[in-house]
Amino acid sequence: MTATLALAAVAGAALGALYFALLWRATRRLVATGGGRDFALAALARMGLVLGGVVLFFSLGGAPSGLAAAALGFLAAREALARRISPGRPEGYECR
């Protein structure tokens with residue numbers, strides 16, 4: 001059970017890293033070119049990526065606890081990428 005949850009968390013982190021890397025790339029491209037259509041298409045692709053991951057998870061017989069572990073991995077990837085990309089936070093800044 002623990003190995004399954006760990007594997008789900010790693011898979012969620014990998015999916016999250018891909019999702020947020022694609023979001024970062026799409027945002028940079030939007031700022032550079034101003035192409036809203038490309039940004040919308042990228043959003044649909046990211047949504048399909050995540051929904052595909054959830055469908056795959058349940059089609060393989062995943063339990064709700066595994067989905068929760070995958071979601072935590074996804075959020076951990078977000079936090080890791082945000083810390084890596086962030087130029088720094090002012091003194092006394094708190095995330096809410």
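Colleague: Where is the place of Leu-44?
Modeller: Leu-44 lies in helix H2, residues 36–59. Helices here are DSSP runs of H or I with at least four residues, numbered from the N terminus. This is a predicted model, in which local features need pLDDT of at least 70 and side-chain atom pairs count only at pLDDT 80 or more, while totals for chains, interfaces and linings use all residues. Residues are numbered from 1 along each chain as its sequence is written, and side-chain values use heavy atoms, with hydrogens and water left out.

Colleague: Is Leu-44 buried or exposed?
Modeller: Leu-44 counts as exposed because its relative accessibility is 52%. Buried means under 20% relative accessible area, exposed means over 50%, and partly exposed is in between (1.4 Å probe, protein chains only).

Colleague: What is Arg-46 in contact with, leaving aside neighbours within four places in sequence?
Modeller: Tyr-19, Leu-22, Leu-23 and Ala-26. Contact means heavy atoms within 4.5 Å. Leu-22 is 24 residues from Arg-46 along the chain, with 7.4 Å between their C-alpha atoms.

Colleague: New topic. How many salt bridges are there in the whole structure?
Modeller: A search finds three. A salt bridge is a side-chain nitrogen of Lys or Arg within 4 Å of a carboxyl oxygen of Asp or Glu. One of them links Asp-38 and Arg-37 at 3.8 Å, N to O.

Colleague: Which salt bridges does Glu-79 make?
Modeller: Glu-79 meets Arg-78 at 3.8 Å, N to O, and Arg-83 at 2.9 Å, N to O. These shared partners join Arg-78, Glu-79 and Arg-83 into one network.

Colleague: Why are Glu-79 and Arg-83 separated by about one helical turn?
Modeller: Because they are four residues apart in helix H3, residues 64–85. An α-helix has 3.6 residues a turn, so residues three or four places apart point the same way.

Note on methods: Helices (H or I, at least four residues) and strands (E, at least two) are DSSP runs, numbered from the N terminus.
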